[in-house]
Amino acid sequence: MTFQVAITVDVDGESGLPDGGRHLEDRLTARSERLYGIARGVPRILGELARSEVAATFYVPGVVAALHGETVLAIVGGAHEVGHHGHAHRRPDTLTPDEQRADVRAGLEAIAAASGSAPEGYRAPGWELTPATLAAVREGGMTFDSSLMGDDRPYVLPGGGMIELPVHWSLDDAPHFATTADPSGLSAVWQAELRAAAAESRLITYTMHPEIIGRPSRIGVLSRLIEAAHELGAVFVTHGEAARRHRG
Ligand SMILES: [Zn+2]
């Protein structure tokens, strides 16, 4: 394997709340923070990626794709990949198997309609993948998942040849900024993980949220990460490309 870095952005929008966005119309503050991510966070991230000439994977829930078509077009226009992040951003483990299948199908249709092509891969809301959702993702023609933590490099999932591109809480901006406003601690952890991935010549996946990393004091974490990765000779990949490389 080669040293590859995947930047992934979960564009949860107003769907990305603990209750899946239900009752959201009354929660103006929570809703406005999510909409900040769409209005300000995504453009700020896209600007940083364009300056650095890095292609990323944006996981978008179907309802967000349907509500914010212009955001999806800006992502596609920047030569980035759009992945499936559920339809209503409800955790699969809170849904019945039938509801899970319906959610995967609805998300596929909404994302394809907004982006112009079917997503190749899936990331479960809350990283809570279930067997029923994984089966629906496979039936929907997707070839990789990015929700599990069973290794720190890509692996093949049992029973059907799907590729897992693993994630971890330490490589996610959300847990860090839930407890502190200090960006330097996250930079230190992410760069230590980056050096380890370089030494082991493997893929590393970072997960960010527009309303979190897209704040003015935090976007520098992404810039410094990209700079450090370039210095270490990383190849930046989308998740679609990472899955193809692992398969090939
Ligand atoms: Zn999410």
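I will go through the zinc site of this structure and then its cavity. Keep in mind that this is a predicted model.

The zinc ion first. Its protein donors come from Asp 12, His 85 and His 89.

What angles do the four donor atoms subtend around the zinc ion? They run from 52 to 139°, so the arrangement is irregular. For four donors to count as tetrahedral, all angles would have to lie between 85 and 135 degrees.

Along the sequence, the donor residues follow the spacing D-x72-H-x3-H. Asp 12 and His 85 are 73 residues apart, and the pair links distant parts of the chain. Asp 12 sits in the loop between strand S1 (4-10) and helix H1 (28-52). His 85 sits in the loop between strand S3 (81-84) and H4. Are these two residues, Asp 12 and His 85, buried or exposed? Both are buried.

Now the cavity. The structure holds one cavity of 30 Å³ or more, and the volume of the largest cavity is about 40 Å³. Its lining consists of Arg 90, Pro 92, Leu 95, Gln 100, Asp 103, Val 104, Tyr 122 and Thr 133. Which element gives the largest share of that lining? Helix H4, residues 97-115, does, with three residues. Sorted by class, the lining has four nonpolar residues, two polar and two charged.

That covers both topics.

Technical notes:
Residues numbered from 1 in each chain as written. Predicted model: local features only at pLDDT ≥ 70, side-chain atom pairs only at ≥ 80, totals over all residues. Heavy atoms only, no water. 1 Å grid on protein atoms, 1.4 Å probe; cavity = no way out; pocket = protein on both sides within 12 Å on 5 of 7 lines; lining within 4 Å. Points joined across faces, edges and corners; volume = space filled by probe spheres on them. Helix = DSSP H or I, 4+ residues; strand = E, 2+ residues; numbered from the N terminus. Nonpolar A, V, L, I, M, F, W, Y, C, P; charged D, E, K, R; others polar. Donors = N, O, S within 2.8 Å, 3.2 Å for Na, K, Ca; no water. Tetrahedral: all angles 85-135°; square planar, octahedral: opposite > 155°, others 65-115°. Buried < 20%, exposed > 50% of the residue type's maximum accessible area, 1.4 Å probe, protein only.
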